[in-house]
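User: Hey, can you walk me through this model? I'd like to start with the charged contacts.

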Amino acid sequence: MTGGKPTPLLAIRVCDPRDRDAVAALWTACGLVVPWNDPLADIALALSKPNATILLGTLDGLILSSVMVGHDGHRGWIYYLAVDPAFQGHGHGRRMVEAAEAWLIEAGMPKLQLLVRDGNQGALAFYERLGYAKSPATMMQKWLTKPSR
């Protein structure tokens with residue numbers, strides 16, 4: 001609720017390639033863009049695969065939130081959960097996570113995983129409120145292509 005009024009419910013839709021600049025701007029405004037990940041390339045890749053998509057939360061046609069969701073055939077993953085800073089704190093992030101979970105359930109995935117950057121206590125607290133727990137695993141990585149930035 002905002003000022004005693006219920007918060008309008010976001011409309012959820014699949015990202016269209018024409019949304020790419022707006023989505024990249026949203027991710028940048030939310031501090032999700034890092035030098036080694038090109039957001040436009042990440043958007044194009046997600047939209048080109050049958051096992052991934054980007055869901056957008058809109059209000060009156062304005063993109064307020066996003067979540068990239070996909071699966072590897074065994075478990076689901078979410079990335080780039082973003083809510084426009086001017087609209088945070090109204091349940092839009094929760095709504096996007098629920099939409100991503102529903103997409104993964106529809107795809108037959110029994111488990112969802114996500115990554116949170118070290119030190120992002122706000123994100124950890126948010127996900128814990130939604131029922132997520134820290135995993136007893138260590139994430140490792142190896143670049144197979146040179147980062148674009």
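**Salt bridges and the rest**

Analyst: Arg13 forms a salt bridge with Asp19, and their closest N and O atoms are 2.8 Å apart. A salt bridge here is a side-chain nitrogen of Lys or Arg within 4 Å of a carboxyl oxygen of Asp or Glu. Keep in mind that this is a predicted model: local features need pLDDT of at least 70, side-chain atom pairs count only at pLDDT 80 or more, and totals for chains, interfaces and linings use all residues. Residues are numbered from 1 along each chain as its sequence is written, and side-chain values use heavy atoms, with hydrogens and water left out.

User: Is Asp19 buried or exposed?

Analyst: Asp19 is buried, with a relative accessible area of 11%. Buried means under 20% relative accessible area, exposed means over 50%, and partly exposed is in between (1.4 Å probe, protein chains only).

User: How many salt bridges does the structure hold?

Analyst: The structure holds 3. Another one joins the side chains of Arg18 and Asp16, at 2.8 Å from N to O. Arg18 is exposed, with 74% relative accessibility, while Asp16 is partly exposed at 24%. There's also Arg20 with Asp21, where the closest N and O atoms are 3.8 Å apart. Arg20 is partly exposed, at 39% relative accessible area.

User: Switching to cysteines. What's the disulfide count?

Analyst: The count is 0 disulfides, taking a disulfide as a pair of cysteine sulfur atoms within 2.5 Å. Cys15 is in no disulfide, and the nearest cysteine sulfur, that of Cys30, is 15 Å away.

User: How do strand 3 and strand 4 run?

Analyst: Antiparallel: strand 3 (residues 62-71) is joined to strand 4 (residues 76-83) by 6 bridges. Val69, for instance, has Ile78 in strand 4 as its bridge partner.

User: Where's Gly119?

Analyst: Gly119 sits in the loop between strand 5 and helix 4. With 65% relative accessibility, Gly119 counts as exposed. Gly119 and Ala99 are 26 Å apart in space, C-alpha to C-alpha, and 20 residues apart in sequence.

User: And Leu115, where does that lie?

Analyst: Leu115 lies in the loop between strand 5 (112-114) and helix 4 (121-129). Leu115 is partly exposed, with a relative accessible area of 45%.

User: Which residues make the nonpolar surface patch?

Analyst: Tyr79, Leu115 and Met139 make it, over about 300 Å². Patches take residues with over 30% relative accessible area and no salt bridge, joining nonpolar side chains (Val, Leu, Ile, Met, Phe, Trp, Tyr) within 5 Å and like charges within 9 Å. The areas come from the Shrake-Rupley method with a 1.4 Å probe, and for residues only the protein chains shown count as cover.

Note on methods:
Helices (H or I, at least four residues) and strands (E, at least two) are DSSP runs, numbered from the N terminus. Two strands pair if DSSP finds at least two bridges between them.
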